[in-house]
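Let's take a walk through this model together, with the sequence and the 3D view side by side. We will stop at a few places and look at what surrounds them.

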Amino acid sequence: MDSGAGGGGNSLPSGPDGVKRKVCYFYDPEVGNYYYGQGHPMKPHRIRMTHALLAHYGLLQNMQVLKPFPARDRDLCRFHADDYVSFLRSITPETQQDQLRQLKRFNVGEDCPVFDGLYSFCQTYAGGSVGGAVKLSHGHCDIAINWAGGLHHAKKCEASGFCYVNDIVLAILELLKQHERVLYVDIDIHHGDGVEEAFYTTDRVMTVSFHKFGDYFPGTGDIRDIGYGKGKYYSLNVPLDDGIDDESYHFLFKPIIGKVMEIFRPGAVVLQCGADSLSGDRLGCFNLSIKGHAECVRFMRSFNVPLLLLGGGGYTIRNVARCWCYETGVALGVEVDDKMPQHEYYEYFGPDYTLHVAPSNMENKNSKQLLDEIRAKLLDYLSKLQHAPSVQFQERPPDSELPEADEDEDEDDDDRDGTWEVDFDKLSRVKREMVEPELKDLEGQKANAENARGFNTAAEETICAKALDVDSFSVDEPSVKVEQENVNKPVD
């Protein structure tokens, strides 16, 4: 299927859900070799398990399979602070004892350990997400997939929650070169805090996160956090309690996302498919089936808007592989057999050796009344948005075109692609509007505690401004290389 010229949503075919989509799939065979350390729940090996399932189900032959080109320093610095990227590049397990102050400053060492090949791992997973965005922007595919990406907690100057660089923010910045508006949807059990924070003050990116809220990492994502300034009502948070099942989840997901698509009218959508929201996850407490989780992918696909699918959390790795394999089938419009084919990781899936697993009988703590209140509140927020905002979309001056960037990474060379350059001096600091005064008191207590620990939070925030100013972004031809090679020849 030819998706037509251009990268806009209108280039995709309308019509029934069964229409095949052109899918690009990014995978680096090395990704499964990275190891966070003994006992750590994050296991990149799950990406290799997913790939093996895709191969043995015969799904790879229906997609263009691409090895991502590693993101360069300058690519990562489009969002992240230069000194943080330099730190990630230089730190090793052998040298970390000499860098204790830096480790603390950048929040690296416990949840986010230093391991062999850490920087290459970051370059690989970020390269897949940015590469997917480039492919979508050029109209080369309808759906791009990078299961190694989706690391949504990373901040501009620090690691967080197993995430070091925020590939999602980098991919969205790439999509903003081509599209006036980009929608980000997050179905990981944890709040998509890093992405929300980056775009909290703009109306060009809308973020919608469905997550467990209440005494749960990262602690953000209150329903009252809705964006600030021009970004007010462009951040939506759907706080959920333990045991949510497929029916309750979609009672919220479908009407909210349906209304977002109608009102915001994005040119592209990024869906973070964290699989820790599945039933039986090692760190999670939701009760979604794989089909219930994948229904989010099916629903987003039905809008016929360029779609970037990313991974994220997921810590019962046999179920992560099951889920992302099935969701790749959904992207392709192929219903995969429940009976699992023999492959190199077959023993992980016993005793049933099936793709689908039954949800548990755990209690659903999300009452009908609670769900009704959440749905009404969020639809009310959406009613306050005008239809697609009028955004000044500037053409790029023709004389600023750069030659193909050379692969040598010279740290002193700062001739980054001009449209990527964000004026960090003009970055607005995030000020969350607190609805109730006691929340202000809590903030005050937190600030006092941080000052007592020797942090000057105001100075820290000024140095490391949180929200990106994306309003001045212009249309551009990317200088990023997308892939090194086809891992296998695409089948038309």
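C122 has a relative accessible area of 0% and is buried (buried means under 20% relative accessible area, exposed over 50%, partly exposed in between, with a 1.4 Å probe and protein chains only). The closest cysteine sulfur to that of C122 belongs to C112, and at 9.7 Å it is too far for a bond. Across the whole structure, a search finds 0 disulfides, a disulfide being a pair of cysteine sulfur atoms within 2.5 Å. Another cysteine, C77, counts as buried at 8% relative accessibility.

A word on the ground rules: this is a predicted model, where local features need pLDDT of at least 70 and side-chain atom pairs count only at pLDDT 80 or more, while totals for chains, interfaces and linings use all residues. Residues are numbered from 1 along each chain as its sequence is written, and side-chain values use heavy atoms, leaving out hydrogens and water.

Next, please find H153, which an unreviewed UniProt entry annotates as "active site"; such annotations may be inferred rather than shown by experiment, and positions are given in the numbering used here, with feature names shortened. H153 sits in the loop between β3 (143-146) and α6 (167-175). Helices (H or I, at least four residues) and strands (E, at least two) are DSSP runs, numbered from the N terminus. H153 is buried, at 3% relative accessible area. Beyond its neighbours within four places in sequence, H153 has contacts that include C163, H190, H191 and D193, contact meaning heavy atoms within 4.5 Å.

Finally, 9 of the 12 residues of α1 are buried, so this helix is largely enclosed by the rest of the structure. Its cover includes β1 (23-26) and α10 (317-332).
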